[in-house]
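Biologist: Hi! Could you walk me through this one while I have it open?
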Amino acid sequence: KVTLNFTAWATSLGNKTFNLQRDGVTVASVNFYFNGANTHLTMPTIFYLDTSLNTAAHSYSLVIPAGVSVDTQDYATMIITEY
């Protein structure tokens, strides 16, 4: 199970999609509508449950869409739990 919380800011208004990737493949997404520019905001939590029972090593990454930025005032927490 993966739980990802993070903050970001956009330079323009509108809907943006953030993708969680595992080994370069998108496994979960979240949409957020920015109604204000240049303000650091908390994005909705991304959840992913891997039901494949594959316990090999994996690489996870967050794909940030064009027009969205993060800097030293932004934070992210990713919790990966194996059962």
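Modeller: Happy to. First a term: two strands pair if DSSP finds at least two bridges between them. Strands are DSSP runs of E with at least two residues, helices are runs of H or I with at least four, and both are numbered from the N terminus. This is a predicted model, where local features need pLDDT of at least 70 and side-chain atom pairs count only at pLDDT 80 or more, while totals for chains, interfaces and linings use all residues. Residues are numbered from 1 along each chain as its sequence is written, and side-chain values use heavy atoms, with hydrogens and water left out.

Biologist: Good. Which strands form the open sheet, and in what order?
Modeller: The order is β3-β2-β6, three strands with antiparallel pairing. β3 (25–34) and β6 (60–63) are the edge strands, each pairing on one side only. From one strand to the next, the twist averages 15°, with axes fitted as lines to C-alpha atoms and angles running from 0 to 180 degrees between N-to-C directions.

Biologist: How many bridges join β2 and β3?
Modeller: Nine, in the antiparallel sense, with β2 covering residues 14–22. One to look at is Asn19, whose bridge partner in β3 is Ser29.

Biologist: And the whole chain, how many helices and strands?
Modeller: Zero helices and eight strands. The C-alpha atoms fill a box of roughly 40 × 20 × 15 Å along the principal axes.

Biologist: What share of the residues is buried?
Modeller: Buried residues are 33% of the 83 in the chain. Buried means under 20% relative accessible area, exposed is over 50%, and partly exposed lies in between (1.4 Å probe, protein chains only).

Biologist: Switching topic: how many salt bridges are there?
Modeller: One, taking a salt bridge as a side-chain nitrogen of Lys or Arg within 4 Å of a carboxyl oxygen of Asp or Glu. The side chains of Arg22 and Asp50 form it, at 2.5 Å from N to O.

Biologist: Where do Arg22 and Asp50 lie?
Modeller: Arg22 is in strand β2 and Asp50 is in the loop between β5 (46–48) and β6, so the pair ties together parts 28 residues apart in sequence.

Biologist: Is Arg22 buried or exposed?
Modeller: Arg22 counts as buried, at 13% relative accessibility. Asp50 is partly exposed at 22%.
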